[in-house]
Amino acid sequence: MEKRQELYAGKAKSVFATDDSDYVVLSFRDDTSAFDGERIEQLNRKGEVNNKFNAFIMQYLSDAGIPTHFEKLLNANESLVKNMKMIPVECVVRNVASGSLVRRLGVEDGMELTPPVFEFFLKNDALHDPMVNEYHIETFGWAKAEDVTKMKALTFEVNAKLKKLFADAGMILVDYKLEFGLFKGEVILGDEFSPDGCRLWDAQTRKKLDKDRFRQGLGGVIEAYEEVAQRIGVPL
Ligand code: 5GP
């Protein structure tokens, strides 16, 4: 597989073409952004930790029967993935109230959510990723109704698998964001799953082990990511 020209540079990852149009290379950079890209800093080792973390989780989900874009780790910072047409919508599941849910609805931070809450957001930094619903997605042509149903079902399947994985390692999966795309007409999981796009708390102490450490200036960001990785058995 030959890596070719850069196709796209996102806030934390870049995408490169390969000599096979069905595959692209995802390159995880050390750039760390918050507040819709308003704050960007370099965090040493972040690209490598997230690449390896994501590879572990994507493989875990694939083995559990969830279709993903992940093919293989290429090196410390890069993975080979399927070249999908991304659906510009973020799927969020919340098991515990935190973040924007608390700000929006005034509910208590840390409140357990039964059943878990599902939300869609439009991927659009200029509009600050506004919340949208199934009607917006279908009416504006971001995805077909049947694909919206599929994304939602897959996001809940991921919840069942990952809640247990993290609980078994003494952590609470508070919430997370997933992105999907279409590959040969099928909805599959894309983007990444890492502590950049989820909230993880230590089950005993409720210490934050995710990107909220960066957003809230708590320090020890990468050390926390490495602790999570080590606890679930990601080879770093
Ligand atoms: P909230 O809506 O509370 O800000 O985020 C809910 C969950 O989705 C959190 O775990 C957060 O990290 C993740 N999330 C939501 N939007 C984004 C985004 O644009 N980028 C990243 N990295 N994570 C996001």
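Which residue in strand 2 is the bridge partner of Ala9? I looked this up first, keeping in mind that the model is predicted. The partner turns out to be Ser14.

**Entry: strands 1 and 2**
I then checked how strand 1 and strand 2 (residues 13-18) are joined, and I found four bridges, with the two strands running antiparallel.

I followed the pairing onward and came to an open sheet of five strands, in the order 1-2-3-7-6. The pairing is antiparallel. For the edges I noted strand 1 (3-9) and strand 6 (70-75), each of which pairs on one side only. I also looked up the twist, which averages 30° from one strand to the next.

**Entry: what lies across the sheet**
I turned to helix 1 and saw that helix 1 lies across strand 3 (23-28), strand 6 and strand 7 (78-82). Against strand 6, helix 1 runs at about 150°.

**Entry: helix 1 and helix 4**
A reminder to myself: two packed helices are described by the angle between their axes and the distance between the axes. I looked up both for helix 1 (residues 46-63) and helix 4 (residues 145-168): the axes come within 11 Å and cross at roughly 120°. That angle makes helix 1 oblique to helix 4. The crossing is right-handed.

Next I listed who makes the contact. Helix 1 brings Phe53, Phe56, Ile57, Tyr60 and Leu61, while helix 4 brings Val158, Lys161, Leu162, Leu165 and Phe166.

Definitions and conventions:
Residues numbered from 1 in each chain as written. Predicted model: local features only at pLDDT ≥ 70, side-chain atom pairs only at ≥ 80, totals over all residues. Heavy atoms only, no water. Axes fitted to C-alpha atoms, helices over the stretch in contact; angles between N-to-C directions. Parallel < 35°, antiparallel > 145°, perpendicular 65-115°, else oblique. Left-handed = near helix turned anticlockwise from the far one by under 90°. Contact = heavy atoms within 4.5 Å. Pairing = 2+ DSSP bridges.
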